[in-house]
Structure formats: structure tokens, C-alpha cells
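Have the model open as you read.

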Amino acid sequence: MGIHFRQVSHQYFSQQNSDYQAIYDITLSIEDQHEFICLIGHTGSGKSTLAQHMNALVFPTKGTVEIAGVLVSQKRDKKTDYNRLRKHVGLVFQFPEYQLFEETVEKDIMFGPLNFKVSPEVAKEKALESIRLVGLNESYLNRNPFNLSGGEKKRVSIAGILAMDPEILVLDEPTSGLDPQGKRQLMRLFKDIQEKTNKTVVIITHDMDLVYEYATRTLVLSDGNLVFDGTPDDLFRREELATWSLSLPQTIRVLKGLKEQFHLELNPYQKTVEEAVREIEKVTSR
Amino acid sequence: MKNIVIGQFVPGSGFFYKLDPRTKIMAIIVLMVSLFLLKTMTQLLVALAIAVILLLIGKLSIVRIVKGLKPIFVLLIFTFFFQIFFNKTGALWLDQTMSLNWLSAGAIVLATVLWRVLARWKVGGILPFLIYLGLLYVSLSYLSYGSTWTSFQFQIYEKGVEMSVFVVIRLLIIITLSTVLTLTTKPTDLTMGMEKLLRPLKFIGINSEEFALIISISLRYIPTILDEANKIMLAQASRGADFSQGKLKEKVKQVISLLVPMFIIAFKRSEELADAMESRNFVPGKPRSRIYDLVFGMNDIVAFVISAGLLAAAITIQVI
Ligand SMILES: Nc1ncnc2c1ncn2[C@@H]1O[C@H](COP(=O)(O)OP(=O)(O)O)[C@@H](O)[C@H]1O
Ligand SMILES: [Mg+2]
């Protein structure tokens with residue numbers, strides 16, 4: 001089970017420009033449980049394309065993707081129930097505007113479960129459950145999704161996928177466009193979901209602080225190539241960060257600066273601000 | 001949906017790229033008029049040769065042009081057979097009694113199935129279609145068993161064949177010419193050229209500038225909207241709205257789930273665009289200057305002379 005990419009390449013075809021290859025020869029495995037993966041890389045590096053392979057929204061132009069034991073290859077296969085794969089792997093798109101369409105939040109959240117042949121009563125329950133999960137109270141269920149703020153829309157769109165009860169949750173830039181507090185809240189929420197249900201969560205993000213603090217595994221794409229697959233602790237010790245257009249998290253940057261400036265004996269690899277403060281106190285009180 | 005392309009401009013640097021869009025539009029009108037003046041096969045073949053020479057001069061790949069012909073292939077075949085069947089003048093070339101009966105009808109069904117299967121697998125290109133036509137002919141003419149339902153005479157006349165070839169070649173040339181225009185002219189240049197050419201219509205109350213603005217905004221936004229539609233479709237498919245399955249009621253719901261976000265995004269975009277234009281001081285109806293204005297060059301004169309020459313030649317041939 002899980003998701004297995006085997007030498008997957010994807011090329012977009014367009015008549016006007018020459019064809020564009022978005023990802024090259026990617027091989028990787030994602031388990032159904034226990035993983036908190038951050039997928040990072042510069043804009044246009046192929047992150048969204050890779051994510052859309054994870055629930056068979058797009059098909060590889062080379063190689064195969066195995067999702068929950070079902071093999072997805074270049075062509076649409078009539079015998080395959082793609083909806084089952086999309087229920088197995090829930091993918092939340094970057095912009096909630098692409099999916100909200102009902103007159104109430106509740107109906108919109110129920111759209112996914114109903115498509116998967118869940119009974120209306122159960123779908124209603126799921127809607128209530130998932131709106132609470134994303135940190136909104138149930139009064140939102142009767143509101144019009146188009147009158148919500150950007151952050152609220154985002155939460156509703158995430159609730160719409162959560163209500164489908166996927167085994168793996170994939171989120172395309174869920175934290176972009178939110179204030180720092182909202183970002184942290186959402187990350188906390190995903191971590192909670194992952195800890196409570198043990199489901200694997202894959203998040204695309206540009207925020208290195210969040211990556212360092214939360215991820216158990218990071219995947220780095222650069223120009224469509226998978227250049228790194230490992231823990232964030234390893235990642236931020238790598239020399240090639242700049243060539244992959246990545247920066248260090250704030251904590252490491254500050255601590256490294258302090259270390260060099262004042263020749264302190266501190267370990268700059270601290271995940272949170274609190275830990276960084278503690279580390280500084282430790283060396284300065286000596 | 002991704003494959004719909006509005007305007008098929010392909011960047012390049014041949015002779016046609018250097019021409020003013022106005023020149024190209026006018027020249028094509030002139031050449032089409034000349035084409036319709038031609039009456040005999042030989043004249044048409046000369047015109048075809050000239051069209052090919054033009055392509056070579058412009059360093060345009062003939063393969064690309066042929067690719068561009070693909071969508072209207074059906075139209076060409078239809079025209080061809082329409083002419084063959086309904087033009088009944090000249091010498092009789094073929095007179096075949098055809099009958100529809102149990103055996104031939106069965107053979108036709110079989111041939112159709114075979115052809116569709118081959119077409120589905122995309123083997124052999126146009127070959128299966130030709131074989132299919134052959135099978136149709138053979139089964140209608142020679143297969144008979146049991147009672148005959150209807151029978152008819154299949155007749156081909158000399159003039160019918162000649163006319164069908166003539167019409168098809170003429171269509172080919174027309175399409176080649178217009179493909180040259182769209183292939184080598186940016187959509188924005190094309191609308192600017194139209195705008196200038198339609199200026200005189202101001203006297204009858206048609207404002208070509210507004211017209212051109214509408215067209216260029218549409219051209220600019222159609223690919224964007226299609227792109228957006230594609231993303232919406234993926235986002236909803238991600239929530240189980242698989243557009244290829246489901247009952248009618250579900251289908252309706254799925255279409256709504258596509259249309260509502262489409263309209264909302266389109267309205268949002270149009271508001272943003274209006275704001276962006278106003279913030280750059282766009283006032284509807286006020287005259288505007290341009291950074292890049294169209295200017296005629298040496299090449300344009302050459303093109304004018306050539307097309308005028310061809311028109312003159314076509315007229316002369318008809319007169320003498
Ligand atoms: N539908 C599409 N058609 C053509 N090219 C596309 C399409 N979607 C994405 N691309 C191209 O593929 C590349 C990777 O895109 P994407 O996966 O969205 O990157 P990211 O999410 O990392 O920013 C980009 O250069 C983009 O222009
Ligand atoms: Mg993206």
C-alpha cells in the first residue's frame with residue numbers, strides 16, 4: 001500500500017510553446033502511515049505536478065505510480081476506479097476558489113463524501129466533524145463560502161477533503177497567503193491530525209521554519225528533479241541548499257550568526273524559537 | 001480542453017514575419033479573389049505551385065501547414081464526395097448497380113465496426129478509412145443474398161471527378177493562405193492590423209478601436225480561462241467528481257461544480273483587469289497613442305507588388 005513512484009516523468013503538451021517537461025525520472029515511496037512530509041522547491045520546480053500524480057489526477061508520461069496497490073500508467077484505464085484512488089489520497093489545491101461552489105459551507109463539504117457514495121446523513125456528520133477539525137465552529141456550516149475571508153475559505157476547502165476520510169492527505173501550499181499565526185495554527189492542525197489518526201500528511205510549502213519544526217521527512221525538487229529525500233535535520237546541514245534555491249530556517253540563521261560573531265560554543269540546529277532561546281541562555285549563563 | 005489553442009502563432013523569422021499585418025491581410029484578400037477567378041485545372045495547379053513556392057520563400061515548414069489542415073480534413077472529404085455524387089455532367093465514367101440486402105448490410109456493419117476499432121487504436125492513419133470505403137463499394141456492388149431491400153445506380157461522371165478535385169485543391173490553397181497569416185502574425189498584431197484597416201468604418205458608426213480592444217482582451221484571456229477551467233476540473237475531480245462517470249443527476253451537479261467557480265473567477269479577473277487599466281489611465285473612448293506603431297517597409301512593397309501582379313495575371317487569363 002502507500003504511494004510508489006517508479007521513474008516517473010511528466011511532460012506538459014502545448015501547441016504554442018514547445019512541450020515542457022515538469023518532472024524527471026522520480027522514484028520515491030510514501031507510506032500510508034506515520035509520515036509528515038514536506039515537499040519543497042522553488043516556484044515551477046514541479047511540486048504541484050508531482051502532487052497531482054499522487055491521486056491520479058494527471059498521468060505520468062513515463063514510468064508508473066502505484067497508489068494503494070493500483071498501478072497508474074500513461075493511459076487512463078477503463079477498469080480502474082480512479083475515484084477510489086482519490087478517496088485514498090485526498091489532495092487539497094492551493095486556491096480554494098477553484099473548488100468552493102455550493103451556497104452553504106456544509107453542502108460544499110458534503111460534496112466530496114456524496115461523490116464517494118456516502119449517505120447524506122453520514123456526509124452531514126462528516127461535515128460537522130471536519131469543520132471542527134480545521135478549527136472553525138459549527139456556525140460556519142450555514143454560511144455562504146464566498147463571504148468568508150481568505151483564511152477561512154482555505155480551511156473550508158481543507159475540511160472538504162478531510163470529510164472524505166483519506167488515508168493520505170496531500171496539501172498544495174496550504175499556508176501561502178496566511179498570516180504567521182494562521183500558518184502555525186494550520187501546521188499545528190495538520191500535525192494533530194497526523195498524530196491522532198496516524199495518517200500520512202504531505203505538505204507543499206515555502207516556509208523553512210515550518211519545515212524544520214514539523215517535518216519528519218523532506219522531499220526537495222529542483223528543476224523537476226528529486227534532489228533530496230531525507231530528514232530536515234540532514235537537509236539543513238547540506239551545502240547545496242543555495243543551488244536548490246532554499247534558505248535556512250530563521251533559528252539556524254540567527255544562531256549561526258551569533259556563533260560566528262561572538263565565537264559562542266552553541267549548536268545552531270534548534271527547531272523552535274523556544275529551543276533557540278534556551279540554547280542561547282545555556283551558553284551565555286556559563 | 002487543454003488542446004484548444006486560439007491563434008496558432010509560432011515564433012519565427014522568415015519573410016512573412018517581417019511583413020506588416022495590414023499587408024498580410026490585404027494580400028490574402030487579393031490572392032483569394034484571384035483564386036476564385038481561376039477556371040481551369042491547369043491554372044489551379046499553377047496557383048498551388050505558387051502557394052508552395054510562397055511557403056518555401058517564407059521558410060515555413062510544410063509539415064506544420066499540413067498539421068493545421070487536420071481539423072478540416074472531414075470538411076475536405078465531405079466536399080470531395082458531395083461533388084462526386086451530385087455533379088452529373090460530362091462523360092459517364094462508372095455506372096454500378098448497388099443493392100442493399102441481408103448480406104451487404106451485414107458486411108457494411110462488419111466493415112464499420114472494423115474501421116472504428118482500427119481508428120480507436122490509431123493504426124495506419126487514413127489507410128483504414130480508405131479500406132473501409134473500398135469494402136463499402138465492394139459489398140454494395142457484388143454481395144447479394146436473399147431479397148433485395150433497395151437498389152440504386154452509383155454513377156461517377158467525368159466532370160464530377162474534375163470538379164471535386166478542383167474544389168478540394170482550391171480549398172487547400174485558401175486554407176494554406178490563411179494558415180500562413182495566423183502562423184506568422186501575433187494575435188495582437190492581427191487585431192491591430194484589423195483595427196487600422198477597419199478605421200474607415202467610423203463613418204458608419206462602428207468604432208474599430210473598441211472592437212479591437214474587445215478582441216485583444218478576449219484573445220489574451222481565453223487561454224487563461226481555459227487553464228483555470230482545467231485547474232477547477234482537477235480540483236473537483238480530486239473531490240470525486242469524475243466527469244466521465246455518474247448518472248445524469250450527478251453529472252448536472254458536477255457541471256455546476258465547474259461552472260460556479262469558473263464564473264466567480266472570471267468576474268474577479270475582469271474586475272482586476274478593469275482596475276489595472278484604469279490605474280494606468282485608460283479612459284474608454286479617448287484617443288490613445290501606441291508605443292509600437294505599424295509602419296510599412298520595403299518588404300511590404302514587395303508583397304503588394306507580387307499580390308497585385310498575381311491578381312492582374314488572374315484577370316488577364318480570364319479576359320483572353
Ligand atoms: N497545465 C500546464 N500546462 C503547461 N505547463 C504547465 C502546466 N502546469 C504546470 N506547467 C509548467 O510545469 C512547471 C512546473 O509547474 P508546477 O508543478 O506547478 O510547479 P510548482 O508547483 O513547483 O510551482 C512550470 O514551469 C509550469 O509552467
Ligand atoms: Mg504549485
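1. L130(B) sits in helix α7 of chain B, where helices are DSSP runs of H or I with at least four residues, numbered from the N terminus. L130(B) is partly exposed, at 46% relative accessible area; that class lies between buried (under 20%) and exposed (over 50%), using a 1.4 Å probe and protein chains only.

2. A word on the basis: this is a predicted model, in which local features need pLDDT of at least 70 and side-chain atom pairs count only at pLDDT 80 or more, while totals for chains, interfaces and linings use all residues. Residues are numbered from 1 along each chain as its sequence is written, chains are lettered from A in the order in which they are written, and side-chain values use heavy atoms, leaving out hydrogens and water.

3. Helix α7(B) gives the most, with 4 residues. Patch residues have over 30% relative accessible area and no salt bridge, with nonpolar side chains joined within 5 Å and like charges within 9 Å. A salt bridge is a Lys or Arg side-chain nitrogen within 4 Å of an Asp or Glu carboxyl oxygen.

4. Do look at the positive patch too: K75(A) and K78(A) form it together with R64(B), K67(B), K70(B), R116(B), R120(B) and K122(B). In chain B, α4 (62-69) and α6 (102-121) each supply at least two of its residues. K122(B) lies in the loop between α6 and α7 (127-142) and is exposed, at 71%.

5. Leaving aside residues up to four places away in sequence, T49(A) touches H10(A), Y12(A), A22(A), I23(A) and V58(A), contact being heavy atoms within 4.5 Å.

Notes
Areas by Shrake-Rupley, 256 points an atom, 1.4 Å probe, with all protein chains shown as cover. Lys, Arg positive; Asp, Glu negative; His and termini not counted. Charge placed at Lys NZ, Arg CZ, Asp CG, Glu CD.
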